[in-house]
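Please consult the sequence and the three-dimensional view while reading the points below.

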Amino acid sequence: MFAYIVRRLLFAVPILIGVNLITFALFFMVNTPDDMARAQLGAKQTTPEMIQSWKVDHGYDKPLFINTTEHSHGLLTDTLFMQESLKLFSFDFGQSDSGRQISADIYERMWPSLAIALPTFIIGLVTNIAIALLIVLFRGSTLDSITMGLAVAIMSISGLFYIIAGQVLFSKTWHWVPISGYAEGLEGIKFLILPVLIGVFSGIGAGIRWYRSIFLEEINKDYVRTARAKGLSEIKVLFGHVLQNGLLPILTGVVVVIPTLFMGSLIMESFFGIPGLGSYTIDAIQSQDFGIVKAMVFLGSVLYIVGLILTDISYTYFDPRVKLS
Amino acid sequence: MMLTFLWTDIMIWSLFALIILGIYQISKDAQKRIQWRNVFKSKTAMISAIILLFYFAIALMDSMHFKFESAENNTLNKELVSVLDMGLEHLILNAERTYSAPFALKEYSSSVIYNTTGNVQQVYLPLKNVAKHIDMQQSLVAYDVITQTGWAFLIALVIIIAIILIHGYFRLKKLAMSSARIKTESLPWSVAYITLFLLIFIGTWFYLLSFDYHVLGTNKVGEDVLYQSLKSIRTGVLIGGLTTVVMLPLALLLGISAGYFKGWIDDVIQYLYTTLNSIPGVLLIAAAVLVMQSIMSTHAEWFGSTQERADIRLLFLIFILGMTSWTGLCRLLRAETLKISQIEYVTAAKAFGLKPFTIIRKHILPNLVHLILIALVLDFSGLVLAEAVLSYVGVGVDPTMPSWGNMINQARLEMAREPMVWWSLLSAFIFMFILVLSANLFADRVQWVLNPRSEK
Amino acid sequence: MVFLLLSVSMKSYSNNWNSPYTSQQVNKQTLFSSFSSPPKHLDPVVSYNSNEWAFLSQVYEPPLQYHYLKRPYQVEPLTLTKMPEVKYFNQSGEAVLKNSSDIKFSEYLFELKDNIKFQNHPAFVKNASQYLYHDLTPQKLASIHNVNDFAQQATRNLEAADYVYAIKRMALRQNHSPILDSMQSYIVGLKPFSKKVTKAFSQQLKASGTKSKETYFDLNKYSISGVQVIDKTHFKIKIRGIYPQFLYWLTMNFFAPIPWEADKFYKQPGLVEKNITLDTSPVGTGPYYLAENNPNRIMRLLANPNFHDEFYPTSGLTKDSDTALLKDAGKRLPFIKEVVYSLEKESVPLWNKFLQGYYDASGVSSDSFDQAVSVSGSGSMNLTKAMQVKGIKFLSQVEPTIYYFGFNMTDPVVGGYSAKQQKLRQAISIAVNFEEYISIFMNGRGIAAQGPIPPGIYGYESGKKGMNSFLYNWNENHASRKSIEYAKKLLAEAGYPNGRKANGEVLSLYYDTAATGPDSQSQLNWYRKQFAKLGINLIIRATDYNRFQDKIRQAKGQMFSWGWNADYPDPENFMFLLYGGNATINTNGGGVNSANYDNPKFNKLFEQMKTMQNGPERLAIIKKMVHLVQKDAPWAWGFHPKSLALYHSWYKNVWPNALANNTIKYKRIDVEQRYAKQQKWNSPIIWPIILVIIFVLLSIWPLKKAYQKRQQIMLKNKKSHDLKLKGEVS
């Protein structure tokens, strides 16, 4: 097991190098370091001296991939790509283009992101499973078909509508919760209710469809029939057997998204003014802050890979037939 | 006046040709015919398919452009005019100054005017291009709308009866020709007729009334929202329909090669898509869109008109979205190919020394078609929704291009007005919802029928 | 679920459900405001952005400030005892008279008030003769998250050396001050000084291998020849020639005092790692200090207990304004004890929170305009009924800003100085109807510009005198745009009858824009419509902001829109946008004259006008210049926006001042009134919750019934199944 994880982590290195190559290539096709300097200096008049000193300060004065002024090893190592990539691999994210410490910012912004993503994830999971169980209980009835129809309808509406409608209804008209904002600790709960609610609701369509199909698959298995034949009531069958066995595929399916919860939700955070990593990323894209973009891409990729590894592990953990090799 | 095709026009017409070709192939193959009949046996699938066809038809009409050499007969002030634009010419020409509500006769907000005595007044200006035939009398509007509704109903009735008669004739003929022994279960045609009737009725109703009213209101600069919504259909259909198609060759090539050749080829291809996949989607798209913008602005001379520019941008966007979404399909194809190449007849073919290309073409590719089709229909709705989100982030289609994403984006500000300007958002919502819902329902059915693993 | 969560949060508050603040905050002299984008730099020598100045100006105190109430804008001493004394010198350094013809230098002498103290700050803490916190170790920093976490804080008196130190910091390239290059041409000795210290610093950096942010460079060892400390309260600055506008620069935060202790303190690596730097945690003498800096959510200012004596102005109010503004005259500043700025990127929540009473003041976006303001019969703006009922008040003023539509004068088609080319530009300027633009996109909040100078700036003329006679006719009591027929005639004379070139082709022009934001589509369409009126085909080249800037800098664009905000209330600050010496092509992209207008006549007049004192002579020259550019039409002039601020009845002493940023200290809040109104406006509407609960409760019963029915059927099936089995067995 341990050896397997180490090997998977080693495999991640070439992938992350590839990710960095793509980010650098894409970003520097758009922006010359001069552009970045100008954007960051933000003065009404920028002079060449100002730009040069900014570039030196932020390390953008080096060539991108190949340094022709250096000999032998310096050819590839004394370049922007090499220097920055090495730092990333040691999780030293350095400074943003506007001069802030990225690691400190990420650490600070991780919590608000989690404060939304985690409740959304857990409440969503519980609600979806509960509804799915309920309609599996009434499978084949009108309730089932109505719910499934609603589920497709919910899936077919853009999340932007839910957000706009939610804000108008709950905050503007009914005065239940603040329209946007964030606070730490218990005070923060009232800010989180609406985004979490909307997050749960917009995921409910796809969620219950998936869980329903898992439960239905389970319910047709022999052991369930046997249980029923023994005279167990339907509810007992559902909770005692179907839910228990259905949870395994559900858990192995959702494990992959858990690490990416850290990254936050782009849309939700910027609509509700929540200072998480999602809005951090969006701001960085919009202000074309390369320092942050490359850090977030790197972090996202790492978390994705961690998710994959976790999935593999959860398979072996829950299903003894699968062996990691 | 000259018929011209923009890049995306060519693509959507190719898609059309592809679909026709597909239908032809299906009609030749008895087994596939039964399969597809099975798809349409479901009432919801039938309704969804008709609605999708309707949207697709509008998109096609909007994808046939005429270029005007000179401005003399160019009343629309555009260089490129599509067939749809010609049909809706009145909607372009009767633009107002600013917001007006559906069926309103006056502007939505008051404005300042100098009256004859030179004083300033705050009034709700009357709209320029509505209800002229009833002298803009508010009291007559309801009556007028009802009469026109009656007409629309009649027209739709006539059309649908004609369609039923024509279609009935063919069905009868076929019934008479087929032997009585083979009993084919009939498709739910009555539902199809009702759907068609409703669509025609609604279409005619909007069309008739759009001459005298702004049926869905006007937006900030007075453009008709109905026209905007209809023009957005093309953008939505293009993004939803073409994104998967453009990257199909790449996904097929890489997926099959990885699954068939294995070894280092498999490793390289797996590396490639894992790397691409591990970059957070929005970031990859945003970065690619920014690159595209910079390329486009350094080569501004490539584009003669704003529309061509917007078109190329849409094309790029489709490719970029494709770039980020082909990996999933590629992975599926690889797995399936791996499985198929273990089957006896494939290993046998290998043993006989058949060329890999022949084996792939004859034995593997045909067994992958259902996967591709399912991916195509499943991705459609997701992509239409993604367009809206991307526009919100600022990396969507060109801001001059009508799209639901742009409409929603604008509506965010409109919702803060009091009284709210709700019609743009509602129109975008309804037009988008119907398309995505039909696509989802149809996709469900297609998947259910085509996927051999789905329980029936 | 919702109900449960709500009841939890209700316990911790006796506040409204939807209140974004704690009740303690609401019931104090706390101002609630917002900011739209995170401040990037709070280092006064770097920051050049009104968003950042909104915070900085409350904390830092440059030597001078604008009088809060007086109009036209007037500069008054802030930390000085009196306005600086100016002496003039000739080349050989002899003092000459003010109106002498060979003035080569002017010297400003500053005298500081002697009772000004810095805010409490760890950088000042001394243990015997040692600075306690100038040598921090990671252990000491473990529990430190922001600069206010340090156990000990101290203060010291403001000295002349602190002002000089700020100028020295500006000279250091590694600090990236945006005004260094322009100041180098004025302040004597700044340029060689800058070269020297920059070089010394980069050598020091190379030697130590550290970054500039975490390396302290001792500027006290060096001195600028033109900037000198005389004693603790006196210093002088020598500048080249005459430059009366220099006083305006001294109201800006670039010239705010920086204690060297703070500079040294903040350069410690352990602090930089935690984002505690001079760029995030200012140290000033102003009425407030920054208590919380979370640029992604909240910025909080608290009243500075060490703030020196400053009093509400007792005079200066213009005749027709509200005398209630002088109610607090002579009282000690500041009134407000705490300022909470929350990040609001979207206009929708901002506006709604203002209406709910959770922001004390708000701007009005064009989309909420109808709801807020109506224009009365006499043409003046008034609040709508709904706003009046809430007791909301408003203030409006034309800002010293111009948004212009520029032509690239080096472009072969739209540029050039021949009569034909002038006419083409004039025709376009008539066709692009900015009155309509203002009414559609700005809700009438702006006035169409007649020339480069906005109202409120010396040289602006209103009415018929100031009208641009090339584009407008005088119509009894107002200027009206010339007709489109006239524009078409001009266009024909320019060689494009009906918008066609000589060969019959339609004239196509290009408009470059950095199109972002939801409104851009309609605006671009609007521009197309304007050109279509003349039969010209407008092709829009939309791109991102970087590309756009690049293009304009390289003079590759044809037409574009741009804006300029006054740095200071002087016509020179606007005229120089059209001065040939500032043209982007003449300055390698650095200049501000993006239209590349370069008319020798205009240039000469500009050089003459630049250093003159305001007076009839200067006015005459300005008039000539305005006439020249009106004729040449390098801009289609565009408009001056009108700012419109709404504020609640409990917010007192509000007066628009476009140039001063340090105005919070003058304002006051009626706390009781605010609390009462917030309670009244935000009682939650509960019936939907009750409805949902009733629905859920009601649906339980039929569900239970249905379940029991199913269970029975199943049992029956099972029984028959069992019976069958039994039958088979037997």
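A:Val6 is partly exposed, because its relative accessible area is 35%, and partly exposed covers values between under 20% (buried) and over 50% (exposed). The model is predicted, and its scores are ipTM 0.84 and pTM 0.82.

**Surface of chain A**
- A:Val6 lies in helix 1 of chain A, which covers residues 2–30.
- A:Val6 also belongs to a nonpolar surface patch of about 710 Å².

**Helix 9 of chain B**
- Helix 9 comprises 14 residues, 248–261, and its first and last C-alpha atoms are 19 Å apart, close to the expected 20 Å at 1.5 Å a residue.
- This helix is mostly covered, as 10 of its 14 residues are buried.
- Among the buried residues are B:Leu248, B:Leu252, B:Ile256 and B:Tyr260.
- The buried residues of helix 9 pack against several helices of chain B, including helix 8 (225–246), helix 10 (263–278) and helix 12 (306–340).
- Further packing partners of these buried residues include helix 13 (344–351), helix 14 (356–364) and helix 15 (369–393).
- After helix 9 of chain B comes B:Lys262, which has a positive phi near 55 degrees.

**Confidence in chain C**
- The average pLDDT of chain C is 86, and 94% of the residues score at least 70.
- Residues 1–13 of chain C, however, have a pLDDT below 50.
- In the model, this stretch of chain C has 20 contacts beyond near neighbours in sequence.

Conventions:
Residues are numbered from 1 along each chain as its sequence is written. Chains are lettered from A and ligands numbered from 1 in the order in which they are written. This is a predicted model: local features need pLDDT of at least 70, side-chain atom pairs count only at pLDDT 80 or more; totals for chains, interfaces and linings use all residues. Side-chain values use heavy atoms; hydrogens and water are left out. Patches are made of residues with over 30% relative accessible area and no salt bridge: like charges are joined within 9 Å, nonpolar side chains (Val, Leu, Ile, Met, Phe, Trp, Tyr) within 5 Å. Accessible areas come from the Shrake-Rupley method with a 1.4 Å probe; for residues, only the protein chains shown count as cover. A salt bridge is a side-chain nitrogen of Lys or Arg within 4 Å of a carboxyl oxygen of Asp or Glu. Helices (H or I, at least four residues) and strands (E, at least two) are DSSP runs, numbered from the N terminus. Buried means under 20% relative accessible area, exposed over 50%, partly exposed in between (1.4 Å probe, protein chains only). pLDDT is the predictor's confidence in each residue, from 0 to 100. Contact means heavy atoms within 4.5 Å. The expected span of a helix is 1.5 Å times one less than its number of residues.
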